[in-house]
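Here is a short briefing on how one protein chain packs. Please look at the sequence and model before reading on.

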Amino acid sequence: MTDQSRAWPAEMDAADRVRHVAMTRTTPRNAGWIAQEADVSRDTAVKYLDRMANQGDLSIVETADGTCYKPDDVTQFLHEVRTLAEEQSVDELTNELRVIGDEIDSWKSAYAVNSLAELRQSLARDELSPTDRRDRLEIIEEWEYNIQIREAIQLAISLQSSLTKLDADPRTGENGLGMLQQES
C-alpha cells in the first residue's frame with residue numbers, strides 16, 4: 001500500500017506531505033517517486049526536498065534511479081539523543097543501559113561469543129543449520145541496533161548533565177540563567 005492510495009489529511013499541505021514521505025523512507029528515493037507518493041508535482045517535490053537537504057534533514061545520494069533523497073543519518077541520530085534527553089530521566093536512561101547490557105550479555109552466553117564480531121564470524125560454521133544462521137543474523141541486527149541506541153543514551157545522559165550545569169531543564173526547555181549577559 002502506497003501513501004498515495006490513502007487520502008491525505010486536509011491540514012497537510014504539500015510541504016508536509018513531501019516531508020512525511022521523504023522522512024519515513026529507509027531507502028533513498030528520487031524526486032519523481034516522492035512527488036507521486038506525496039501527491040504533488042515533481043517540481044514542488046524538488047523544491048521542498050532541496051530545502052530539506054540544505055537544512056540537513058535529508059542526504060542526497062546518486063543511485064541507479066538518479067538523484068535520490070534519504071533521511072540524514074546524523075540528523076536522525078541527534079534527534080534521537082535530544083528526544084531521549086527530553087523525555088526520560090537519568091535514572092530511566094541508566095536503566096535502559098542496564099537492560100541493553102543484560103541483553104548483550106545473554107547473547108554472548110547463548111552463542112558462546114565475546115563480541116559482535118565473533119558472532120558474525122560464527123555464521124561461517126558448517127554445522128549451523130539455515131534456521132540457526134537466520135537466528136544469528138537477526139541477533140546481529142538487534143545487537144547492532146543496541147550499540148546505536150546505547151550510544152544515543154550515553155549522549156543523552158551527557159546532554160542532561162551539561163544542561164544541568166547550565167541550569168537548563170532539557171525536558172521543559174527552560175533555562176534558569178535567563179538571557180546570557182552580553183559583553184560591554
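This is a predicted model: local features need pLDDT of at least 70, side-chain atom pairs count only at pLDDT 80 or more; totals for chains, interfaces and linings use all residues.

Residues are numbered from 1 along each chain as its sequence is written, and side-chain values use heavy atoms, with hydrogens and water left out.

**Nonpolar cores**
- A nonpolar core is a set of buried Ala, Val, Leu, Ile, Met, Phe, Trp, Tyr and Cys residues joined through side-chain atoms within 4.5 Å; buried means under 20% relative accessible area (1.4 Å probe, protein chains only).
- The largest core holds 19 residues, of which Leu84, Leu119 and Trp143 touch the most other members.
- Helix 4 (73–87), helix 5 (90–111), helix 6 (116–122) and helix 7 (130–165) each give two or more residues to this core. Helices are DSSP runs of H or I, at least four residues, and strands are runs of E, at least two, numbered from the N terminus.
- Helix 7 supplies the largest share, seven residues.
- Another core, of 17 residues, lies apart from it and includes Ala31, Ile34, Val40 and Leu58.

**Helix 2 (31–38)**
- Its buried residues are Ala31, Ile34, Ala35, Glu37 and Ala38.
- They fall within an arc of 165° seen down the axis, so they line one face of helix 2. The arc is taken from the directions from the helix axis to the C-beta atoms.
- These residues pack against helix 1 (14–23), strand 1 (29–30), helix 3 (42–54) and strand 3 (66–71), with contact meaning heavy atoms within 4.5 Å.
- Asp39 follows helix 2 and has a positive phi, near 60°.

Technical notes. Buried means under 20% relative accessible area, exposed over 50%, partly exposed in between (1.4 Å probe, protein chains only).
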